Amino acid sequence: MKKVIRYFLLLIGSFQLISCEDWLTVYPQNEQIRDEYWTSKEEVESVLAAGYVYFRDAVQNLIDWGELRGACIYNQYGSDLQIFQVTPDDGICNWASLYKVINMANSVLANAEAVHERDKTFEEAVMKSYLTEAYFLRALSYFYLVRNWRDAPLILDPYETDEIGYEKEKSSENELIDQIKSDITTALATGAAKERFEKDWATKGRATKWALYALMADVCLWSEDYAGAIMNCNEILNASSPFRPAFVKDPSKWYEMYYPGNSNESIFEIQWDQVNYNQSNNLPTLFGSSTPTYLYTERMLQDFIDETDITGINNAVRTIYGSYLPNTAAATDYKNATQGYIWKYTGIGFQEQTRPSNEQDPNFIIYRVADVMLMKAEALILRDDNEEGWQTAIDLINEVRVRSNLPKIEPVLSEIGEADMLQYVLDERKMELAAEGKRWYDLLRFGKRNGFKYRDRFLISEVVEYNNTANPSWIQSVLRDDDALYLPIWSKELENNKLLIQNPYYGIVK
Amino acid sequence: MKSINKVIGSALLVLLLFACDDPYEGKTFRIYEELPSATYLESRPEDFSMWIEILRYADMYNAVNQSSQTFTLFVPDNEAVENFYKKMGVSSIEELDKTYVQELVKYHTINVEISQKIFLIGGKLTSPTVSGDYLTVSFGENESGGGLNAIYVNDEARVKELAIETINGVIYVLDSVLTPLVETLYDRLEENENYSIFKEAVDLSGWKKRLSTPYDTVYSQLGKVSYLKKNYTLFVVADDIFAQEGIQSVNELIEKLGALPDYTDSNNALHKYIGYHMLSQTQYVEDLFPFDGQNDSTIIWSTLAENEVLSTNSVDGICYINYKKSTGEGIRLIEGKTDILAKNGIIHELDGYMPIITPDPVIVIWDVCEYDDVAAVVNAYGAENGLGDCYQQYQTSEHKISLMGDEITSYQWKAYSSKSTGGWPQLGYLLTKANTGATVNTYGAYKNDMLIVNLGYMGWVSMTSPVVLKGKYKIDLYYACAGSLSDFVSGGSKCQVSIDNTSTEVYIYDGAQASVGIYSLTLFDEIYFDNNAQRTMKIVLMDPRASTHKDYRLQLDYVKFTPVID
């Protein structure tokens with residue numbers, strides 16, 4: 001038998017049929033779907049649902065990959081990511097969770113049409129809508145792969161039988177980005193992507209057309225297509241549909257994004273529901289103030305303290321009791337805090353009270369409107385060299401700031417340069433999207449664009465300043481190596497797929 | 001007992017590595033799937049055959065192959081050794097003196113295993129080489145990239161392969177041979193023609209012995225002999241800088257200083273001048289200059305000239321020595337001529353001749369454990385316990401290190417019976433710990449250490465401060481408290497504290513909390529010193545519980561002298 005690729009274990013069996021009510025509740029019994037399986041609409045549904053379920057399994061990886069190198073939060077029990085010492089033997093560089101999602105998506109994309117032929121109840125519109133979700137899941141997974149490994153095998157066919165060769169070489173970043181864009185474009189072109197689902201949670205927990213636009217904007221920013229990024233942001237920000245996600249302007253509603261979650265502002269979030277489906281997660285305990293794994297670094301805590309100073313405790317929104325909880329006995333003593341607990345996943349509002357035991361199910365937000373606004377601001381700064389575009393960028397940043405009761409920034413645009421403008425966006429993203437799995441990708445994107453023009457300012461300086469666990473000169477040295485900015489391929493993966501070539505940076509590590 | 005075994009073990013190893021004949025020749029070694037270090041090197045002759053020859057010539061091949069010991073080997077590959085031969089003008093290792101080659105191998109060998117993780121922390125490695133030196137690890141960037149591609153040892157050799165695991169340790173492959181530090185500070189003065197006046201002044205003023213002796217031999221009352229490494233920082237003035245002052249010879253320097261002929265007397269102006277250019281301990285540039293974000297800041301350093309201090313200042317981001325606010329001038333280090341390492345310290349070149357002056361008064365923070373003999377004892381403890389140079393370095397667990405009368409002269413004390421348990425020595429050094437992931441010690445103690453005082457009722461300890469400049473000061477004592485001291489928090493524990501000849505009674509722990517942390521009390525609101533001098537502080541334990549309470553002790557962190565401006 002051919003070598004079994006790590007991320008697709010061969011198991012015999014088939015999915016249980018599930019009803020719509022059971023969406024996201026049933027784990028698939030296997031990861032390989034056999035030919036004879038595909039007979040009904042429900043079967044397509046269950047495989048699509050499995051894609052979302054597998055994304056849940058990836059969430060802690062998404063936090064580690066997206067945050068620890070970015071240095072605003074750290075794992076207090078240590079992580080090779082935050083000290084920039086990942087080796088190919090580290091489980092943290094196992095990408096299986098993403099390829100599991102990709103396989104589910106590939107299975108739906110490969111078989112939905114055939115099922116449509118077989119099952120007359122499977123209407124074309126429904127089928128096409130499912131396809132858009134599968135494209136989204138595949139594109140999002142590849143986008144995480146690109147941002148973390150740069151090059152990775154591009155697999156577009158499902159693993160359904162043993163007859164397929166499991167060994168596959170890497171594709172380049174450009175090839176992967178092209179595929180991601182093509183998937184999103186294809187999905188949007190069908191016009192079948194939904195603006196909303198029947199259930200509120202599904203509108204935020206399954207891929208809508210808003211999610212596709214947000215992802216496309218993000219991919220365009222990554223690939224330095226600023227006009228594309230602006231266009232896709234506008235599809236959301238300028239939409240007139242009553243079902244569009246909308247920026248929540250009321251400061252008092254800010255925490256509702258995290259509790260209860262699935263807010264108006266949300267575009268796509270990974271879902272759990274403990275009360276109805278007994279799905280819980282460990283995010284409230286990984287974060288929070290009990291014995292958390294993740295904490296804000298001292299420098300990030302200082303940023304929160306500084307911002308709390310501006311609004312005062314009573315008007316604080318995204319700082320004290322919002323994004324962070326100080327470790328002081330009294331809130332008024334916040335300036336003396338030595339530890340900043342991450343509060344978005346543990347609290348239930350602007351207070352110290354924590355989620356009840358039957359609500360250990362915070363969602364993990366992938367995209368929300370404030371993120372898209374700041375993406376647009378970033379793209380405007382980079383596309384335009386004129387004050388009008390830059391002023392729009394500043395206005396967008398200010399909308400986010402005003403929502404948090406912060407004063408507007410009012411730079412004299414004729415006197416500042418692109419880098420200063422970008423610094424505003426980067427700082428705003430840091431504070432607004434703290435602990436949402438974005439920081440490292442932000443620093444990498446800001447640092448690498450335009451031939452690493454801003455490597456020193458936005459990548460090295462920021463990481464050195466915020467990181468609290470590694471030697472600054474080591475960080476500087478590592479971040480000067482282009483290959484070191486990406487993860488190694490897991491050693492077990494290399495053993496099983498002989499066509500893979502390790503990232504050259506990790507070649508000399510024994 | 002364990003630590004004694006360790007000491008004996010390392011002593012034996014040193015003996016083996018020092019021996020002229022290979023004591024393990026002909027012995028067989030256990031077979032593992034992985035190979036012992038030397039055998040591993042032999043398995044890659046294309047890379048390491050020449051280093052193997054060197055190991056054999058130095059009679060150390062079998063020593064580093066023992067399975068009962070672990071090593072970290074720094075191994076230059078064949079290309080590196082070839083370049084080394086070219087540099088030395090030889091074509092084979094046998095052409096070099098065997099003792100030299102043995103020193104060279106010892107310099108490339110550490111007798112503990114240094115993992116990749118520890119190695120990549122960077123800076124000075126915490127364990128010395130078998131030759132007694134410390135290697136440094138730094139990171140840079142080169143044409144191959146950064147990070148793992150640009151790791152350097154002693155800024156001299158690039159690491160080509162990291163932490164290859166063998167059954168008895170790890171191997172780091174280097175692209176060039178490391179140059180052992182064999183020169184002392186005095187040798188460095190001697191080898192540089194441009195230091196001739198300074199060197200002659202050192203010769204005349206009696207400092208030569210100190211600058212050319214890396215180790216002090218200490219004989220304890222119990223007959224124990226120990227070798228304590230003594231390091232200095234030397235601020236050298238080159239001949240051309242002297243010339244700018246019109247000084248062309250040592251005699252002209254003597255004339256300028258107005259020194260009488262008794263040059264070796266501690267009060268002689270030439271003796272003091274050279275002493276003024278010396279600090280105890282190795283202080284790299286980064287240690288000398290306080291970078292406190294954007295703020296200007298100053299540190300006062302006691303020099304080896306009695307009662308004379310110098311200041312290092314960071315003003316508008318520029319580093320000075322003895323910066324004077326009134327003139328806006330100070331002495332600077334000469335770029336590219338700093339951090340010159342020697343076996344027993346470091347040299348920095350000055351751009352001025354730096355006569356003795358009194359710096360502007362500043363706050364003095366006196367860490368009550370900051371003494372050479374304490375550092376030496378603590379680092380010796382570190383070496384015995386696998387902690388390396390642990391003085392003022394927090395650890396993963398706390399260490400209470402007894403300070404004994406035969407090794408320590410910086411403290412005078414009188415001990416009476418004490419009931420306290422829990423491993424608190426009567427007089428000791430508390431090396432703090434930091435929790436995993438934390439970057440400060442659990443107490444928040446200054447320089448990660450404290451002095452333990454547990455001398456019983458009426459016991460006392462006295463010690464001298466760094467030089468405190470003439471003027472009026474407020475004096476505060478900073479100490480630690482902890483949960484086990486809760487009995488003392490209410491009402492405090494009476495002590496008599498005197499600074500020079502002025503005494504006061506204070507209640508330590510009064511006002512503190514019975515939880516781990518650093519607390520302070522004011523000893524004197526205002527005290528006047530009429531000269532620049534070191535101050536003597538004496539603490540007498542006036543609380544009877546010092547002899548009866550199982551948890552009694554003081555944990556003294558530092559004393560702060562704040563100038564009072566009228």
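This tour moves through aromatic pairs, charges over rings and a domain contact.

The model is predicted: local features need pLDDT of at least 70, side-chain atom pairs count only at pLDDT 80 or more, and totals for chains, interfaces and linings use all residues. Residues are numbered from 1 along each chain as its sequence is written, chains are lettered from A in the order in which they are written, and side-chain values use heavy atoms, with hydrogens and water left out.

**Stop 1: a ring pair in chain A**

Rings of Phe, Tyr and Trp (its six-membered ring) pair if their centres lie within 6.5 Å; planes under 30 degrees apart are stacked, over 60 edge-to-face, the rest tilted. Over all chains, this gives 43 aromatic pairs. Select F287(A) and Y345(A). Their ring centres are 4.7 Å apart and their planes at 25°, so the pair is stacked. The two residues are 58 residues apart and link distant parts of the chain. F287(A) is in the loop between α10 (283-286) and β3 (294-296), and Y345(A) in the loop between β5 (340-342) and β6 (364-368). Helices (H or I, at least four residues) and strands (E, at least two) are DSSP runs, numbered from the N terminus. Both F287(A) and Y345(A) are buried. Buried means under 20% relative accessible area, exposed over 50%, partly exposed in between (1.4 Å probe, protein chains only).

**Stop 2: a ring pair in chain B**

Go to F74(B) and F119(B). This aromatic pair is tilted, at 6.1 Å centre to centre and 35° between the planes. F74(B) belongs to strand β1 (residues 71-76), F119(B) to helix α6 (residues 116-119). F74(B) is buried at 1% relative accessible area. F119(B) is buried too, at 0%.

**Stop 3: a cluster and two charges**

Back in chain A, select W65(A), W95(A), Y99(A), Y142(A) and W149(A). They form one aromatic cluster. Next, show R147(A): its charged end sits over the ring of F143(A), 3.8 Å from the centre. This needs NZ of Lys or CZ of Arg within 6 Å of the ring centre and within 35 degrees of the ring normal. R455(A) has its charged end over the ring of F452(A), 4.1 Å from the centre.

**Stop 4: where two domains meet**

Colour chain A by domain: domain 1 (1-193 + 475-510), domain 2 (275-362) and domain 3 (367-474). Which salt bridge does R480(A) form? Its partner is D456(A), with the closest N and O atoms 2.3 Å apart. Across the interface of domain 1 and domain 3 of chain A, there are 2 salt bridges (side-chain nitrogen of Lys or Arg within 4 Å of a carboxyl oxygen of Asp or Glu).

Definitions and conventions. Domains from an automatic or database assignment.
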